[in-house]
Amino acid sequence: MDNFIKEALEYDRLDSLKEFRKEFFCENDSVIYLDGNSLGKLPLAAGETVNRVVAEQWGERMIRSWNEGWWDMPLRAASMISEIIGARDSEVIVCDSTSINLYKLAAAALNLKSDRRKIISESTNFPTDLYILQGLADKLDKGHKIVLAESRDGLGIDYSEIESILDNDTALVVLTLVSYRSAQMHNMKKINDLAHKFGALVIWDLCHAAGAVPVDLNHSGADMAVGCTYKYLNCGPGSPSFLYVREDLQKELDSPIWGWFGDKTPFEFKLEYTPSESVKKYMAGTSGILSMCTIEPALEIVTRAGMESIREKSIRMTEFFIRIYNEVLKDAGYKLGSPVNPDIRGSHISLKHSEAYRISKALIDSGNGDYIVIPDYRPPDNLRFGFAPLYNTYSEIVVAAAELLRIIRDNEIFSYTSDMDAVT
Ligand SMILES: *Cc1c(COP(=O)(O)O)cnc(C)c1O
């Protein structure tokens, strides 16, 4: 490990993003946080904003705050997200959760393609996406069939697997750009082109991609997308999601939830709904201001750092971790659960181990070591390590790897139960 420690210190010294770490809450350097792919760290500016919004805006200004910045907050936040995901401002809105936004867009898409019955997704998809589609098909009760592309290598789905199940009866394809377990990444443009050839629409789930890899929705010809802001975008636990609908589709694509925030003139309080002519028509009800107000300060950091620099460091970090895996972790019984090729990999790495859950418990508990390492566990056997270039260091990667070795060497896992916590 000594050679890796020296190497990491040198990388940290040369790291062009190293100053950004100071903008995040880092109380204790002995806590190695490698779960930014599930919940990004707290940007100090976001915390200050919440305090200010509570005290000054809610407290002092009360209802007047709606005209002093709250009403346009979902549009301002969306404008910052559009830049990160390669969309126009007029195509993105911030509201609700990813699950709900997926339901709205999938319902709209099936309504638009009402003569088709097939919905395609992937067996490695994040479960909520599949549940949403199952529930929607059940509610519509029109005989929609969900067909899942199967993974050959257990890591992800390749293009040919999607190609083999697409046909002229396909209404909708729902894929996750970066797989939540393996971090395998699709080629968005190729799949959009393929689906469009068959007249199908595509919804992309960008949860593990936004803020982790460059995304260019416009350039790739994407129809629709959803994604969360609390992972690599660091906007806080349960911060609202974003949705994207390509401009020329917005006229034909109606939200299934007609709420007053999606109405053209909500404050006329008329009795009949008229959808907004803008992307706001995909909103439903009142914005959650306290959880939305973190988005602008958090994204300001991402934008200032730039997605290209973030991606460059992300690749260096994951490559470094894979090298350590090849040289030392493999022999300790870990198995790589992510693609070796960085071009098709997001910003996290999965290591597989039959005792993955107990290893994650041992890492998170301070145990006998000097460090706490926080990854997460995803069944059946994945330990996920998220590398967030804005605040993680190369030295942290070496510490995490050393802990992974120590836990096996000391048989430490056997002091932990395999009973699962509510949140893993
Ligand atoms: C995290 C994640 C979600 C979460 O959806 P919520 O509605 O925010 O709970 C959805 N899809 C994917 C791919 C995810 O990684």
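A salt bridge is a side-chain nitrogen of Lys or Arg within 4 Å of a carboxyl oxygen of Asp or Glu. Arginine 61 and glutamate 68 form such a bridge, with their closest N and O atoms 2.6 Å apart. The model is predicted: local features need pLDDT of at least 70, side-chain atom pairs count only at pLDDT 80 or more, and totals for chains, interfaces and linings use all residues. Residues are numbered from 1 along each chain as its sequence is written, and side-chain values use heavy atoms, with hydrogens and water left out.

## Salt bridges

The salt-bridge count comes to 33. In general, side chains of opposite charge can pair when their charged atoms come close.

| Glutamate 23 | Arginine 304 | 2.9 Å |

Exposure is given as relative accessible area: buried means under 20%, exposed over 50%, and partly exposed in between (1.4 Å probe, protein chains only). Aspartate 263 is buried because its relative accessible area is 9%, whereas lysine 270, at 35%, is partly exposed.

The side chains of glutamate 23 and arginine 304 meet in a salt bridge. This pair links distant parts of the chain, 281 residues apart: glutamate 23 is in the loop between α1 (2-14) and β1 (31-33), and arginine 304 is in helix α10 (residues 295-305). Helices (H or I, at least four residues) and strands (E, at least two) are DSSP runs, numbered from the N terminus. Glutamate 23 is partly exposed at 24% relative accessibility, and arginine 304 is partly exposed at 42%.

## The ligand site

Which residues are around the ligand? They are Ser97, Thr98, Ser99, Phe126, Thr128, Asp129, Thr176, Asp205, Cys207, His208, Tyr230 and Lys231. A residue belongs here if one of its heavy atoms lies within 4 Å of the molecule. By class, this shell has three nonpolar, six polar and three charged residues. In this classing Ala, Val, Leu, Ile, Met, Phe, Trp, Tyr, Cys and Pro count as nonpolar, Asp, Glu, Lys and Arg as charged, and the others, Gly among them, as polar. Helices α4 (98-112) and α5 (127-140) each supply at least two residues of the shell.

Polar contacts are pairs of N or O atoms within 3.5 Å; within protein, one must be able to donate a hydrogen and the other to accept it, and residues adjacent in sequence count only if both atoms are side-chain atoms. A polar side-chain atom of serine 99 lies 2.6 Å from an oxygen atom of the ligand. For aspartate 205, an N or O atom of the side chain is 2.7 Å from a nitrogen atom of the ligand. Histidine 208 has a polar side-chain atom 2.9 Å from an oxygen atom of the ligand. The protein covers 86% of the 390 Å² of accessible area that the ligand has on its own. Accessible areas come from the Shrake-Rupley method with a 1.4 Å probe; for residues, only the protein chains shown count as cover.

## Backbone features

Most residues other than glycine have a negative phi, and most peptide bonds are trans. Aspartate 141 has a positive phi, near 55°, and lies in the loop between α5 and β4 (145-149). Alanine 183 also has a positive phi, near 70°, and is found in the loop between β5 (170-176) and α7 (188-197). Are these two residues buried or exposed? Aspartate 141 is exposed because its relative accessible area is 66%, whereas alanine 183 counts as buried at 0%.

The peptide bond from proline 379 to proline 380 is cis, with omega near 0°. Proline 380 is in the loop between β12 (376-378) and β13 (382-386). Its C-alpha atom is separated by 8.0 Å from that of serine 354, 26 residues apart along the chain. Serine 354 is in the loop between β10 (348-352) and α12 (356-364) and counts as exposed at 68% relative accessibility.
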